[in-house]
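Subject: Structure handover

Hello,

Here is the structure you asked for, with notes on what turned up in it. Please look through the model first and then read on.

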Amino acid sequence: VLMQGSASQQIAEQLDKATSLIEKGDVESAQIILNSIRTADDTDPELLSRLADLAIALRETPKAIAIFKTLIESCPDNASYHYRFAQLLMDDLPEKAESLCNRAIELNPEYHLPYVVLAHFATRRNQHSKAVHLLTRAHEQSPDDVQVLARLSRALLISGQSDKAEPLVDRLVVLEPDKAETHSLNGMMLAQLGRFDEAEASYRKAIKQGYPVGQGYFDIAMTRKFTDNDDPLIEDIESILNANLPPKQRAGLYFGMGKIHDDLKLWDKAFENFQQANQLCRPPAFRDADVEMFEKTSGYYSRQLFEQAAESASQSDVPVFIVGMPRSGTTLIEKIIASHPVAEGAGELLDIEREHLQMCPPEALGVYGEKLDEAISSGQLADYAQTYLDGLCLGRENAKKIVDKLPDNYLFLGFIHAMF
């Protein structure tokens with residue numbers, strides 16, 4: 001018992017130290033502590049929970065996933081662990097995340113946070129009525145949770161229920177008068193109620209408090225129909241466009257100007273504005289960075305290296321990788337493979353890139369060969385493969401083939417072949 005208590009105390013001290021290091025910005029030292037912590041089957045669940053938090057803070061998602069699996073196995077009736085595990089899986093395994101949230105609600109119907117996650121998925125499917133229902137349940141359990149208030153207000157406004165949203169937004173203004181999103185929601189509500197001057201004033205207040213300027217002025221432009229070429233809003237937007245703004249914010253301003261010029265029947269100007277906005281919304285050109293990385297890494301993957309790596313490489317044949325250009329049919333191929341009874345599709349996972357970054361961060365590309373040799377000789381490459389497999393197979397344990405169809409994995413084909 002004394003030994004067990006001593007081990008728990010040591011883990012707690014290590015967690016405290018790592019948390020303090022993160023607060024000071026020393027992420028590298030915190031990472032070393034995380035990797036050094038060893039747990040046992042009888043480790044206190046609360047310590048494991050803190051360890052999962054540390055892994056999440058350090059973006060060690062696979063490690064956090066493994067910890068939560070252990071937590072749920074040892075504490076199957078803990079609603080909080082189910083919810084927090086769901087949060088971790090929201091992007092990569094949404095169906096599993098929904099299942100975990102539903103289980104959390106079964107365990108504790110008064111626990112409001114799982115309702116918020118389920119509402120998020122409903123909104124993504126454009127099931128706004130369902131989102132309103134779920135967020136209403138969350139609001140009933142926690143009336144003063146500002147996150148729930150904001151999300152429920154937005155869901156009601158999207159559903160066109162401004163009358164029901166009004167008291168909630170008014171409450172938000174009282175609770176968080178200095179938050180930009182509060183005044184943005186207030187502007188959205190006032191515009192739906194036909195109080196356009198008040199809506200514009202609220203949007204301007206949101207912009208002053210840090211709301212994205214492009215989105216803010218676009219929202220103002222959408223509040224009313226413009227009939228005057230000398231409207232002061234036009235001059236405001238043109239003046240802001242002269243500033244050095246991020247592409248996304250400039251795009252919002254151009255979309256707003258396009259809408260104004262469309263109202264004024266100035267079709268040529270409107271078309272020009274929309275064209276400029278759409279050009280800014282195109283995905284950033286990462287080609288130069290991709291070419292640089294490929295040129296600095298691909299030359300190291302020789303036949304000799306693959307033969308050397310094969311000695312410790314994973315023998316699993318579960319992963320199926322589809323790579324190529326976007327919009328080239330990768331989704332169709334995934335669906336064809338996944339239609340087989342022993343195969344499943346995992347969508348576009350970022351796990352391979354994450355493992356590659358673990359081996360060699362961008363700033364170390366100059367010594368890529370040394371990093372790769374070290375990963376092979378130390379057996380770390382096999383660990384990367386196993387971590388990837390753990391995440392890939394989570395929730396798909398019965399599948400014999402699982403498709404990862406991220407097109408950009410073409411950049412890591414040598415790395416993938418070395419691991420498998």
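Arg 59 is exposed, because its relative accessibility is 70%. It sits in the loop between helix H3 (45-57) and H4. Although Arg 59 is not a glycine, its phi is positive, about 60 degrees. Please keep in mind throughout that this is a predicted model.

Lys 265 has a positive phi too, of about 65 degrees, and is likewise not a glycine. Its place is the loop between H15 and helix H16 (267-281). With a relative accessible area of 55%, Lys 265 is exposed.

On the chain as a whole: the secondary structure consists of 23 helices and three strands. The C-alpha atoms fill a box of roughly 75 × 55 × 50 Å along the principal axes. The protein chain has 420 residues, and 43% of them are buried. Taking contacts between residues at least 6 apart in sequence, 60% join residues at least 24 apart.

The buried residues are Val 213, Gly 214, Gly 216, Tyr 217, Asp 219, Ile 220 and Ala 221. What do they pack against? The partners are helix H11 (180-192), helix H12 (196-208), helix H14 (232-241) and helix H15 (247-263). H15 is also the helix at one end of the loop that holds Lys 265.

Leu 175 belongs to helix H10 (residues 162-175). At 32% relative accessibility, it counts as partly exposed. Leaving aside neighbours within four places in sequence, Leu 175 is in contact with Asp 144, Val 146 and Leu 149. Leu 175 and Asp 144 are 31 residues apart along the chain, and their C-alpha atoms are separated by 8.4 Å.

Next, the cavities. A search of the whole structure gives one cavity of 30 Å³ or more. The volume of the largest cavity is about 130 Å³. It is lined by 14 residues, of which Ile 65, Asp 92, Leu 93, Asp 351 and Gly 391 are the closest to its centre. Which helices supply at least two residues each to the lining? They are helix H4 (61-74), helix H5 (79-89), helix H20 (351-359) and helix H22 (380-393). H4 gives the largest share, three residues. By type, the lining has eight nonpolar, two polar and four charged residues.

The aromatic side chains come next. There are 10 aromatic pairs in the model. One of them is Phe 68 with Phe 85, which are stacked, at 5.7 Å centre to centre and 15 degrees between the planes. This pair links distant parts of the chain, with Phe 68 in helix H4 and Phe 85 in helix H5, 17 residues apart. H4 and H5 are both among the helices that supply the cavity lining. Phe 68 counts as buried at 0% relative accessibility, and Phe 85 is buried as well, with a relative accessible area of 3%.

Tyr 301 and Phe 306 form another stacked pair, 6.0 Å centre to centre with 20 degrees between the planes. Is Tyr 301 buried or exposed? At 15% relative accessibility, Tyr 301 counts as buried, whereas Phe 306, at 22%, counts as partly exposed. Ring pairs join Tyr 300, Tyr 301, Phe 306 and Tyr 368 into a cluster.

Last, the cysteines. How many disulfides are there? The count is zero. For Cys 75, the closest cysteine sulfur is that of Cys 101, and the two sulfurs are 18 Å apart, so they are too far from each other for a bond. The cut-off for a disulfide is 2.5 Å between the sulfur atoms. Cys 75 is buried, with a relative accessible area of 19%; the limit for buried is under 20%. Cys 360 is buried too, with a relative accessible area of 2%.

Regards

Notes. Residues numbered from 1 in each chain as written. Predicted model: local features only at pLDDT ≥ 70, side-chain atom pairs only at ≥ 80, totals over all residues. Heavy atoms only, no water. Buried < 20%, exposed > 50% of the residue type's maximum accessible area, 1.4 Å probe, protein only. 1 Å grid on protein atoms, 1.4 Å probe; cavity = no way out; pocket = protein on both sides within 12 Å on 5 of 7 lines; lining within 4 Å. Points joined across faces, edges and corners; volume = space filled by probe spheres on them. Helix = DSSP H or I, 4+ residues; strand = E, 2+ residues; numbered from the N terminus. Nonpolar A, V, L, I, M, F, W, Y, C, P; charged D, E, K, R; others polar. Phe/Tyr/Trp six-rings, centres within 6.5 Å; stacked < 30°, edge-to-face > 60°. Contact = heavy atoms within 4.5 Å.
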